[in-house]
Structure formats: C-alpha cells, structure tokens
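Hi,

Here is the structure I promised to pass on.

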Amino acid sequence: MDEMDCTDEIEVVELEENDPRIEALDEMADNASLEGQLDESDYADEQQEQNAPSRDDSCITFTTHSGSVFSVDVSKDGEFVASGGEDDLAYLWRISNGETIMKCSGHKDSVSSVAFNHDSSLLATADVAGNIKVWKLPSATLYWSEDSNGVDQEWISWHPFANVLGAGINDGVVWIWQVPSGRCKTFVGNQASTLCGHLMNDGAHAIAGYKDGIVRVWDMKTNMPMELKVATPNVSVLSVASLVITDEVDKPTSLTPIVAAAAGCEDGSVTIFHPGNGKLFARLSAGFSTSDDGSCGVEAMVFSPQDGKYLATASLSGALAIWDISRQTALYTMPHPASVIRIRWMPQSVFVISACLDGVVRVWDIRSGQCVRDYLGHTDDILDMVVSDTSKTVMSASSDGTVRVFSLA
C-alpha cells in the first residue's frame with residue numbers, strides 16, 4: 001500500500017441529517033460495541049470451561065455465596081456446615097441437602113473465619129476487619145459480638161470444653177473472651193502480627209505463631225508465656241500444631257497433658273518442641289521447594305492422632321510429607337501440582353486428606369505414600385477444608401464461590 005503524503009488534500013464529505021449513510025454508520029458502531037461486551041463477558045465463561053474438571057464427585061454443592069468462600073466448618077454431629085466468604089456473609093446450612101438455615105449478616109468485610117464451639121451450640125464468625133460475632137443455635141440469633149476497631153483478625157479458636165473464644169489480631173495481641181459475659185484476657189507479644197494459633201486441647205494453654213519467627217505458648221490462668229525462637233526475625237511462623245494424648249481423644253479434660261507442639265515457618269523449617277519448657281524434639285526441613293519463586297512455607301501440619309509418633313506437613317511447594325518424629329525422617333513425600341493449604345488426619349486411620357490450590361481434594365495412604373482417591377468438582381483454588389468423622393464427609397471451600405461436600409464412604 002502506498003504511503004499517504006501528508007501534503008495531500010483530504011476531501012471532507014458533509015452528510016445531511018436524513019442521509020441513510022448516517023443510520024448505517026450508527027448501526028456499525030452499535031454492533032462493534034456489542035461485540036466488545038460479548039468478548040469481555042464470554043472471557044469468564046471461557047475460563048470456567050477451561051478449568052472445568054473432567055467429573056464432579058461432590059454429593060452437595062452450596063452455591064449461595066456471591067464470591068470466594070474463605071472458611072468452612074462442620075458441626076460436631078456432622079449435620080450442619082458453616083461457611084464464610086468474600087461477600088461479607090456467613091451461612092449455616094444443612095449438610096444433607098444444602099438448605100440454608102441461617103444467613104449471618106452485619107459483617108463489615110470478608111468473613112475469613114467460622115467455627116463451631118465444643119458442643120455446636122454456638123457459631124463464631126469473624127471478618128478481616130476484626131469484627132467477631134457469635135450466633136446461638138438452633139435459634140439462629142446473635143448472641144454476642146466484639147469489634148476490634150479495624151485491626152485485622154488473623155484466626156479464631158474455641159476452648160475445647162467451655163464457651164471461651166480466642167482470637168489472634170494483626171497487632172500481635174491474642175484475646176481470650178468468656179462468651180457471652182465478654183470478660184477477657186489479653187496476651188501481648190512484641191507487636192509482630194500473630195498469623196496462626198489456637199486454644200490447646202488441655203484447656204489451659206493457647207499457642208500462637210508470630211511474624212517475627214517467635215512461638216509463644218500462653219498459660220491462660222497466669223498469663224505467662226513460654227517463648228521459643230524458631231526462625232530468624234524476618235521469617236514468619238505460618239502454622240502451629242499441638243498434640244494431646246488422652247484416653248478419649250475427642251473428650252479432653254482439664255487434666256489432659258500436652259505432649260508436643262510444632263511450628264511451621266515461611267522458610268520451610270518445622271520445629272517440634274515441648275510446649276511446657278521449650279525442649280526441642282526435632283527440626284525438620286519440610287519445604288521441598290522446586291518452584292522458580294522458591295515458595296516453600298509450611299502452611300499446615302497435623303500430628304497422628306492415635307500415638308503422636310508421626311507428623312504430616314503441607315508446603316506451599318506442593319509437598320505433603322509424613323515424618324517419623326523420633327528418627328526425624330520423611331517416610332514419604334507426596335507431590336501435588338500446586339500448593340497444599342490444608343491437611344487432615346482421619347481419626348483412627350492411616351489416611352491423610354489434603355486440599356490443594358489446583359482445586360482437588362486427595363486421600364493418601366500413609367503406609368504406601370500413594371493417593372488412593374481424589375475428589376474433583378471445583379473450578380478454582382481450594383481455600384479451606386474440614387472433615388467430619390461423624391458423617392464421613394469432606395467439605396471444601398473455594399475461590400469458585402462454592403462449598404462442595406464429598407462422601408468418604
């Protein structure tokens with residue numbers, strides 16, 4: 001094509017208002033605009049189609065949330081599920097058919113945590129803005145609430161056999177409340193954020209991991225901490241686990257001894273220690289990083305519930321490992337195609353369940369290190385997972401806006 005000479009004259013044609021060419025030009029513009037809109041709206045559908053799994057193994061799919069679902073929990077009797085999401089809402093629903101029982105409204109930001117208390121008579125919901133609400137069941141009424149004045153909430157945890165709720169806040173403070181009286185204790189660190197934690201099953205201690213590489217085990221009666229440095233100050237503690245051995249594991253008492261605790265860090269290290277005196281039992285390298293970005297943080301851990309001889313660790317590198325604690329050796333390393341964000345050890349069994357950012361739930365046999373079952377259905381990342389031993393089900397929450405129920409039977 002010949003280049004246009006900028007000295008050439010351009011003829012300007014003036015159109016009359018009733019000229020049919022004006023209508024034709026308008027129609028062309030409308031069609032072009034519509035085509036652009038269709039292209040944009042079709043993109044999300046195309047992505048969903050590309051991510052669609054080859055099958056859907058879920059027996060129930062809860063689709064009421066209007067955005068990503070960040071958290072999920074199941075009642076002790078295995079009949080009800082609670083979920084919280086990006087839509088600033090939490091829902092209580094029936095596991096058998098997905099029927100909504102209660103809509104928990106009033107939060108100011110995404111609901112990042114939901115948790116049933118020890119007998120499932122109360123449900124706690126917490127958002128990232130620091131607002132915590134407790135709902136009474138089965139009346140489905142607001143029972144108690146607390147506002148941390150805009151300080152981000154990182155985690156919540158119920159006492160194992162009392163209506164006492166703990167929460168870790170972004171400013172490094174751990175709060176312990178009696179519900180509904182609101183009487184509280186505060187455990188103050190050194191201003192580093194507490195990223196993970198829970199109230200231990202002995203009923204007397206709380207464990208928290210901090211962004212500066214410190215783990216503290218707080219005596220909830222004396223307010224005194226056992227402090228242990230498990231990493232350098234620029235390495236965060238991402239996950240903590242504690243081990244309680246009892247005659248009845250599901251019914252701890254205040255006399256239950258704490259046997260061990262573990263801290264998983266951003267650099268892939270795991271420290272196993274005595275939570276009473278800080279004595280070190282083992283140090284493990286559980287990151288197994290093979291990715292270009294070096295992601296290897298230990299996102300989740302769980303002790304074998306029967307005897308505490310083994311520890312399962314899950315890494316952002318995609319590695320699930322089963323460790324013999326006494327030998328400090330990985331018996332099996334089970335690779336995943338993406339980061340593993342949740343793991344659960346099935347009680348009285350040899351199976352560990354993993355939830356992965358590839359949207360798949362997997363069941364692993366720790367005797368062989370083999371995957372014996374996978375559950376498909378999600379079209380996006382899994383963000384949380386919970387297992388009900390009572391109803392033999394797995395519930396997984398996802399960025400695809402759903403919670404899916406899978407049967408283990």
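**What I found**

R216 lies over the face of Y210, at 4.6 Å from the ring centre. Please keep in mind that this is a predicted model.

Staying with the rings, a search through the whole structure turns up 7 aromatic pairs. Take F187 and W218: their ring centres are 5.0 Å apart and their planes are at 10°, so this pair counts as stacked, the cut-off being under 30 degrees. F187 belongs to strand β13 (residues 184-188) and W218 to strand β16 (residues 214-219), so the pair ties together parts that are 31 residues apart in sequence. Both F187 and W218 are buried. Elsewhere, F62, Y91 and W93 make up one aromatic cluster.

Strand β13 also brings us to a sheet. Here 4 strands form an open sheet, and the order is β10-β11-β12-β13 with antiparallel pairing. Its edge strands are β10 (153-158) and β13, each of which pairs on one side only. From one strand to the next, the twist averages 15°. If you want to look at one of the pairings, β10 and strand β11 (residues 164-169) run antiparallel to each other over 5 bridges. Within that pairing, W158 has L165 in β11 as its bridge partner.

Where does S120 sit? You will find S120 in the loop between β6 (111-116) and β7 (122-127). Its relative accessible area is 13%, and S120 therefore counts as buried, since the cut-off is under 20%. Leaving out residues up to four places away in sequence, S120 touches S75, K76 and L137. With K76 there is a polar contact to the backbone: a polar atom of the S120 side chain lies 2.8 Å from the backbone nitrogen of K76. S120 can also be set against V74: the two are 46 residues apart in sequence, while their C-alpha atoms are 8.8 Å apart in space.

The other serine, S304, is in the loop between β22 (298-303) and β23 (310-315). Its relative accessibility is 2%, so S304 counts as buried too. What does the side chain of S304 reach at 3.3 Å? That would be the backbone nitrogen of K309. The side chains of S304 and D307 are joined by a polar contact of 3.0 Å. Neighbours within four places in sequence aside, S304 is in contact with L243, K309, Y310 and W345.

Is N131 buried or exposed? With a relative accessible area of 7%, N131 is buried. Again without residues up to four places away in sequence, N131 touches H107, K108, T125, A126, E146 and D147.

If you open the model, you could start with the stacked pair of F187 and W218, and then go on to the loop that holds S304.

Cheers

Methods
Residues are numbered from 1 along each chain as its sequence is written. This is a predicted model: local features need pLDDT of at least 70, side-chain atom pairs count only at pLDDT 80 or more; totals for chains, interfaces and linings use all residues. Side-chain values use heavy atoms; hydrogens and water are left out. Helices (H or I, at least four residues) and strands (E, at least two) are DSSP runs, numbered from the N terminus. Buried means under 20% relative accessible area, exposed over 50%, partly exposed in between (1.4 Å probe, protein chains only). Contact means heavy atoms within 4.5 Å. A polar contact is a pair of N or O atoms within 3.5 Å; within protein, one must be able to donate a hydrogen and the other to accept it, and residues adjacent in sequence count only if both atoms are side-chain atoms. Rings of Phe, Tyr and Trp (its six-membered ring) pair if their centres lie within 6.5 Å; planes under 30 degrees apart count as stacked, over 60 as edge-to-face and the rest as tilted. A charge sits over a ring if NZ of Lys or CZ of Arg is within 6 Å of the ring centre and within 35 degrees of the ring normal. Two strands pair if DSSP finds at least two bridges between them. Axes are lines fitted to C-alpha atoms, for helices over the stretch in contact, and angles run from 0 to 180 degrees between N-to-C directions.
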